[in-house]
Amino acid sequence: MKRTLGTCYYPEHWPEEIWQQDAARMVEAGLTWVRVGEFAWSRIESTPGDLQWGWLDRAIEVLGNAGLQVVLGTPTATPPRWVLDKYPDMLAVDENGNPRKFGSRRHYCFSHFGYLQECRRIVTLMAERYGRNPYVAAWQTDNEYGCHDTTISYSDAARLAFRDWLRARYDNIEALNAAWGNIFWSMEYNSFDQIDLPNLTVTEANPAHRLAFHRFSSDQVVVFNRAQTDIIRVHSGTPIAHNYMGKITDFDHYDVGADLDIASWDSYPLGFLEDRVGAAPDQQVAYARQGDPDFQAFHHDLYRAVGAAKGNKPVQEGRWWVMEQQPGPVNWAPYNPAPLPGMVRLWTWEAFAHGAEAVCYFRWRQAPFAQEQLHAGMLRPDSQDAPAIHEARQVRDELVEAPEVQSKQAPVALVFDYVSEWMWKVQPQGQGLSYFTLVLDTYRALRRAGLTVDVVPLRPDAFSGYKAVFAPGLMYLPDAVKAALTQSDAQVVLGPRSGARDADFVMPHAPLPPAIPGLDVTVSRLETLRPDMPVALDGGGAITGYLEEIEGTGDVLLKTGAGTPVALRNGHLTYMAGWGDAECMDRLIARIGADAALTIRKLPTGLRTRDTETERFWFNHTTVPIEFEGFSLPPAGVLRIPLA
Amino acid sequence: MKRTLGTCYYPEHWPEEIWQQDAARMVEAGLTWVRVGEFAWSRIESTPGDLQWGWLDRAIEVLGNAGLQVVLGTPTATPPRWVLDKYPDMLAVDENGNPRKFGSRRHYCFSHFGYLQECRRIVTLMAERYGRNPYVAAWQTDNEYGCHDTTISYSDAARLAFRDWLRARYDNIEALNAAWGNIFWSMEYNSFDQIDLPNLTVTEANPAHRLAFHRFSSDQVVVFNRAQTDIIRVHSGTPIAHNYMGKITDFDHYDVGADLDIASWDSYPLGFLEDRVGAAPDQQVAYARQGDPDFQAFHHDLYRAVGAAKGNKPVQEGRWWVMEQQPGPVNWAPYNPAPLPGMVRLWTWEAFAHGAEAVCYFRWRQAPFAQEQLHAGMLRPDSQDAPAIHEARQVRDELVEAPEVQSKQAPVALVFDYVSEWMWKVQPQGQGLSYFTLVLDTYRALRRAGLTVDVVPLRPDAFSGYKAVFAPGLMYLPDAVKAALTQSDAQVVLGPRSGARDADFVMPHAPLPPAIPGLDVTVSRLETLRPDMPVALDGGGAITGYLEEIEGTGDVLLKTGAGTPVALRNGHLTYMAGWGDAECMDRLIARIGADAALTIRKLPTGLRTRDTETERFWFNHTTVPIEFEGFSLPPAGVLRIPLA
Amino acid sequence: MKRTLGTCYYPEHWPEEIWQQDAARMVEAGLTWVRVGEFAWSRIESTPGDLQWGWLDRAIEVLGNAGLQVVLGTPTATPPRWVLDKYPDMLAVDENGNPRKFGSRRHYCFSHFGYLQECRRIVTLMAERYGRNPYVAAWQTDNEYGCHDTTISYSDAARLAFRDWLRARYDNIEALNAAWGNIFWSMEYNSFDQIDLPNLTVTEANPAHRLAFHRFSSDQVVVFNRAQTDIIRVHSGTPIAHNYMGKITDFDHYDVGADLDIASWDSYPLGFLEDRVGAAPDQQVAYARQGDPDFQAFHHDLYRAVGAAKGNKPVQEGRWWVMEQQPGPVNWAPYNPAPLPGMVRLWTWEAFAHGAEAVCYFRWRQAPFAQEQLHAGMLRPDSQDAPAIHEARQVRDELVEAPEVQSKQAPVALVFDYVSEWMWKVQPQGQGLSYFTLVLDTYRALRRAGLTVDVVPLRPDAFSGYKAVFAPGLMYLPDAVKAALTQSDAQVVLGPRSGARDADFVMPHAPLPPAIPGLDVTVSRLETLRPDMPVALDGGGAITGYLEEIEGTGDVLLKTGAGTPVALRNGHLTYMAGWGDAECMDRLIARIGADAALTIRKLPTGLRTRDTETERFWFNHTTVPIEFEGFSLPPAGVLRIPLA
Ligand SMILES: [Zn+2]
Ligand SMILES: [Zn+2]
Ligand SMILES: [Zn+2]
């Protein structure tokens, strides 16, 4: 399959007269894909039952005739105002109990049956009409589930649905009370109907209660999405995708992915660096026009795994796209700078290096109205070329001779699991401690060492074939996974907090965690630390934020200045008892890498690399030229070297 | 007209026995004016319909007999508790949907008809009784509209009134949908009755929606105020004022001013520096006991323009007062230091230098009870002289030989417009970017250059007679104003963001902004910048926060270190494509000043000057003596030099 | 009475089989006391009226048989979910009007009659059953009143009760209007039924209104607690305690204490340093594993005074305990480090040095479930010894030869009063200014000087026998206390803000404060200062935050660099007109100490001392050894030297 480009287009925003010219310009720019429809419900059905398909029929026809393939989005992220007239209680409710009102997008609660029914109706109509349309080559369900903090809702509908979900999970209330430890503080319930959502409690609610609500909220997204995929598959044979948003972790993307054919995500490197990466201020300045050098790559690798969640192929062969690629300044971050020239090309090639099938730029033409009027497009609002289209054309030309989409198992696996993410959120124990960040810090260290990495899910079958497996911070570690890691041939690095809780957020109390077969490590106590009190390690580096006291035997790979063990190894299993800073992680990876026969490089600041089957890619994420291993890369430079 | 002094007095707070002595002491201190009545409703009408005018009759009589002129305030800022019994839904509602309860002041929603009716009733009664009273020489409507964030209300009354306002503005719902670009995200309405207020939306509401709500909210203040002025004018021939509060920009002061004879404002230099100027911390320390050196002056110049809003005289001849002048520490800022000795005199003379007719000190005697018990007065709570009264006496003596109130057109005009202020609030695009601050920064630079400035409204007829016109940040620039600027003889400095949106917050998309006749400049892209990443200019200074990429021809007055044009001139029109820091602005003003034949000085830190018709004033805002052009000014010093 | 140790135990959390072994291990570890029952309501009464006493009978029997004495807690801090079914409106309501829901603890409003009745019922049942149980040697009412900000509630129940409270205090509405100064801003009421709670007002409510609500809220806690003590005393002759929480100041602990036999408090040095001490960041790092060197000691001294509130003994002989002592990392602070080895012992001995009868460690075994699963215990979740138990055993051994509980009047008294704490909260006048912190800063200075201190209440009879009395910040100073201080033989240090308001928060306006007989000082004006603008003193040190201008005669003990008096003395009365920094306070105490014939030492950083009747204690709160006066103390070291 060729690597392809695309864009997001809103024919309903523009006069029909210019559709044809737009289509022709898309083709000229080298685009294959055009996504349409995903916010157009009020134009498809302006009043209940009054369907207006004509314009969409014609738009698809014009685009298809020009040679483009259409990704058709279901419009359920933006129900028209009249849907709210029908279901006034369909809105999500925020943590303070306020309905999240109409007037922007994603104004619905995943648990509202009426709205779900409404979605089934419009998706059915759309699938019936376009399921066999020759130009409709793929589908997108809804848009950016969870964006704007919309996974969690404290509505009445959610409360009722949560009780049903609990009934199904625990069978009887005594079981729930026991599983949650509700004896504590007399929190025992007499019936499921007494259980409320865990907001506005006097002090924090039971972590078991909060974790259950996270699990439930995630499941509601899965159910909502599946309702759409089930309908589409009745009427269409083309692949179905959803466009996930960066660092949205409130629902399990693997679970949603199991109902999809393609994972895709919306990559906004500059916006993310400002509003969600969590980088230090000096890094934010250094990369303000390039984006974080690892954040996008991590998501690329994550969505390759999510793309395999359907289960019909290995993790590293997951199908995935960038459905929305930032093409210039956006409108929604605290600050919105313009990209360094060349970065749009770099971001595109970086996605291909990580296995993307397609990269679509959001959006075709900058809209002069409404919320995103300062979001750049490939065209300016006056239809002139914006800078991004020039870089897209360069990629178009480079793609001609480039290899097809490639997949190849990486030497290193890094586990990312949503349940642990929720557990750390529920119980960080130290301010700002986040599982996502712990995993990202590990990923950064692996990348600084020049390694190619697969992100893998928490599944017993996910580890075979790797030389090293990194599994930091997995608070919930099912026995089957423990067994798989114990039996693995890879160098395995676990900890901190491995297996610290059961599925209901209760600490296994005998033996204490991590209780991993073959690993003689017991966490006897743990502490969290102010950022201004790192614990220095013997030999360099430090632990920051989180540190466990461990008992056990084995090789001490890292220890504190006072001699307390921090990383302990038994055979191929290594337990890391704290959150290492960069120097600590570099030391650990050098050691593990040596034992796993990995090629470890020490890359210059901001240089990154990835191997595909036939090529080694190099990316310069900095604003200065980089010399390394005999080549020179300009700022924003991309280098592809054929592998022998 | 002589320059005069006054004070604010609450006879209802003190035993009637001391009124006469208070009045005599006011006269001794050189005061002409005494404001009364504006919070006294519960003493005028303690239960519905039971009017007690006697005490107020006597108070006015005592004050008038002593030789004072009374400013009579309508008491509508503080409806008694029983009014709320009558109209339980009259309260404003905050952004989170909570009613803003009784227990302080300004507890009403401008859109509530019942309360408006109640105001009409009490103002009618008051105007009937005192309209021809010989001692009542002026009126004040209500008190500090908008103070405590009270312009905007999310009440049911506001929602209904907003729909009516929209109906009147847009005629039909299709027009509104089109004007707002509601096609975006399927936000289209089927009827006006579906439109809600733009709070608590999932993510930001449509900027068009938010701007309309700002316009509406401002209009509600105008309507509320006009209801009072219409009634007062039936019964009284004396001038009507309102006392605006510093940096309250949620309603259009020019619009309210069009129904008033005198603009007045409440000047609290130390409180403002702590709670709203937004100065850098080192400036807050340096001026903690003197107040910001430009903030008060800017408001003086602004209210001179607002005082002319009725339209019967040129902008520079607007009638205006300081209705409340800080006399010592206040009670409401984060920190409340005492003024440097001499500053009360300086603040008073500064107001006169800017054309004030009167300066009234708030308040006569410090109240020992309730919310403002730590707000200094001219007297201490034990009736001893407080420090302020000594400085007032000094001004009293100085006024004897001083010229009368003077007005004279300044050489430089600076445009300030409320619609652009709302537009930047709705869409700052970069955190902390504010139109008010951009204008104030420009004003500071003009003042550092020793220039006398007129603030002018956004009206085609506001620019004649000036050598230079500065019009930064005017996102909405009507065609008639564009034409006036193009035809002006002045050096005109526009940008950034000039004409970036139409009246409904839609970007003019062909040609792109600013689209000003005679100015070959097109803004092709814009970016906002972290405060820690200024873009250095060639030759000194930098752009911070906001920067546009511009295309066009003309003289490049400023450019970046990389050579990109930042200020571009075509004839007398200059476009400034970013937010300049102090050095940048000084360079720009030096250049424009030279071409406009302005006398540019480089004033020492904290020294400020202003010319009236016959005098040049100098003010030392610092804590150290200043030597300049042959004179020496002590800290808090004021110097008046006759002009040849 | 011997000094004793104890622990908190939850038999309902553990299998009955291990109770006996737990009890034996407690005895082995040297524990005397075991607290049970205080969160067990859902196990005592799982549905309304279905009492299950059996397990509790057996638990008490097992513990008692092992030789332990039981402290029995009433379970009213955690009503089961079915109580809420009965009284859906029993929840407290937060400042924003949201009910504070079930799901953790303390989910009740003190003003709800239904819930109060429910508490009377369960406490009666418990007292009837266990009042004469031979093993129940003490009672604890409820748990940590006010914790999680639960003293103040804005519920409907609170509103109605507040009106009744006001009716009782003011008799008629005119009296209330006059006392509060409601004439200001027309806030006058026509009836008590118009008075609302002072939340969600447009700007701040009348300070008189807010103070009254603080007084009322405090009284509601007293009434709630007394309902329990009245019942328990009918059935039991053993002492009754309550466990106060650190720095909870929303209710008057002396008032609650008047109904108790023993004051106790819950001491979490590391948690407190992170979440409530308010120390500077460098102090937070320096003491992260030891806790603040003065915060616990201050509370010890405070609760000794609260323990005497019943009035049957002198202040210095109050009975008090540490009911919960931190034994390792806790779970609830922003960061939760492990204590420096030795600190659990140090904390225990420090409590004994200050007169504690008993120190109980919270908790026996770390719970593997629910909210406190990361709160350390004396045992790990797997029942192994945790580090704390070793230090407890060391204290056990040391206690054998140690003297009994001792009390001895200190040479210095420091007044702490809750009404002034509320007054400063209501009117800090400068951001962050807190009465508690002012008193703590004074206490720190006294401790740095090596002094032993009694905290005393604001009572005329509290000052006799002291060489020096420090009474900073007492905004409300009743005449009888003024008289007692005037007549005292001690050196008395007053100010700032002494007597600044009457009982209703009105400023005495003639003469101005402080108006203390024998002290010729008048506060003519006051100011608050940004933290970055200290006012330097002549001779060293500075005033920060708060500074008064004073008039008067007498010795100037401290003055500003400009010569303005800051501390003025008349005879034995000294008035301090500002908030001194550490150097200023050290200078003041050196001077006062000299005149009061106190022994002033200058202690090394982190070293603290206290004298009991027969011993001098030394404590090293630092991480490094300290040499002083011929002895050497290791980190966390405790030294007891017999007094001659
Ligand atoms: Zn998107
Ligand atoms: Zn005012
Ligand atoms: Zn506790």
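**Metal sites and charged pairs**

Analyst: The zinc ion (ligand 3) is held by Glu144(C) and Glu324(C), each through OE, at 2.1 to 2.3 Å. The model discussed here is a predicted one.

User: How many residues apart are Glu144(C) and Glu324(C)?

Analyst: Glu144(C) and Glu324(C) coordinate the zinc ion (ligand 3). Glu144(C) belongs to the loop between β4 and α6 of chain C, whereas Glu324(C) belongs to strand β7. The pair therefore links distant parts of the chain, and buried means under 20% relative accessible area, so Glu144(C), at 2%, is buried. The separation asked for is 180 residues.

User: Is Glu324(C) buried or exposed?

Analyst: The cut-off for burial is a relative accessible area under 20%. Glu324(C) has a relative accessible area of 3%, so Glu324(C) is buried.

User: Which residues coordinate the zinc ion (ligand 1)?

Analyst: The zinc ion (ligand 1) has its donors at 2.1 to 2.3 Å, and these are OE atoms.

User: Which residue forms a salt bridge with Asp385(C)?

Analyst: Asp385(C) lies in the loop between β8 (358-361) and α14 (387-401) of chain C, and its partner is in helix α1 (residues 19-28), 360 residues apart. Asp385(C) is partly exposed, at 27% relative accessibility. The N to O distance is 2.8 Å, and the partner is Arg25(C).

User: How many residues apart in sequence are the parts tied together by Arg167(C) and Asp193(C)?

Analyst: The side chains of Arg167(C) and Asp193(C) form a salt bridge of 3.2 Å, N to O. Arg167(C) is in helix α6 (residues 156-170) and Asp193(C) in the loop between α7 (173-180) and α8 (207-235) of chain C. Arg167(C) is partly exposed at 34%, and Asp193(C) is partly exposed at 47%. The pair ties together parts separated by 26 residues.

User: What is the N to O distance in the salt bridge of Asp461(A) and Arg459(A)?

Analyst: Side chains of opposite charge can pair when their charged atoms come close. Asp461(A) is exposed, with 53% relative accessibility, whereas Arg459(A) is partly exposed at 31%. Their side chains meet at an N to O distance of 3.0 Å.

User: Which residue in β17(C) is the bridge partner of Leu558(C)?

Analyst: Strand β16 (residues 555-559) and strand β17 (residues 565-570) of chain C run antiparallel and are joined by four bridges. The two strands form a hairpin with five residues between them, and Gly563(C) in the turn has a positive phi of about 95°. The bridge partner of Leu558(C) is Ala567(C).

User: What is the relative accessible area of Leu558(B)?

Analyst: In chain B, Leu558(B) is found in strand β16 (residues 555-559). Leu558(B) touches residues including Leu537(B), Val566(B), Ala567(B), Met576(B) and Leu588(B). Leu558(B) is buried because its relative accessible area, below the 20% cut-off, is 3%.

**Chain A with chain B**

User: Which kind of axis relates chain A and chain B?

Analyst: A rotation of 120° with 0.0 Å of shift along its axis superposes chain A on chain B, at an RMSD of 0.0 Å. The two copies are therefore related as by a three-fold rotation axis.

User: What area do chain A and chain B bury between them?

Analyst: The interface brings 58 residues of chain A into contact with 49 residues of chain B. Of the buried area, 54% is on carbon and sulfur atoms. Lys101(A), Tyr335(A) and Gln371(A) supply 16% of the area that chain A buries against chain B, more than any other three residues. The area buried between the two chains is about 4,700 Å².

User: Which residue of chain B forms a salt bridge with Arg289(A)?

Analyst: The interface of chain A and chain B has five salt bridges. In the one formed by Arg289(A), the closest N and O atoms are 2.5 Å apart, and the partner is Glu527(B).

Conventions. Residues are numbered from 1 along each chain as its sequence is written. Chains are lettered from A and ligands numbered from 1 in the order in which they are written. This is a predicted model: local features need pLDDT of at least 70, side-chain atom pairs count only at pLDDT 80 or more; totals for chains, interfaces and linings use all residues. Side-chain values use heavy atoms; hydrogens and water are left out. Buried means under 20% relative accessible area, exposed over 50%, partly exposed in between (1.4 Å probe, protein chains only). Contact means heavy atoms within 4.5 Å. A salt bridge is a side-chain nitrogen of Lys or Arg within 4 Å of a carboxyl oxygen of Asp or Glu. Copies are superposed by least squares on the C-alpha atoms of residues with pLDDT of at least 70 in both. Donors are N, O and S atoms within 2.8 Å of the metal (3.2 Å for Na, K and Ca); water is not among the atoms, so sites may look incomplete. Two strands pair if DSSP finds at least two bridges between them. Buried area is the accessible area (1.4 Å probe) that two parts lose on being put together, summed over both. Lists of a residue's contacts leave out its neighbours within four places in sequence.
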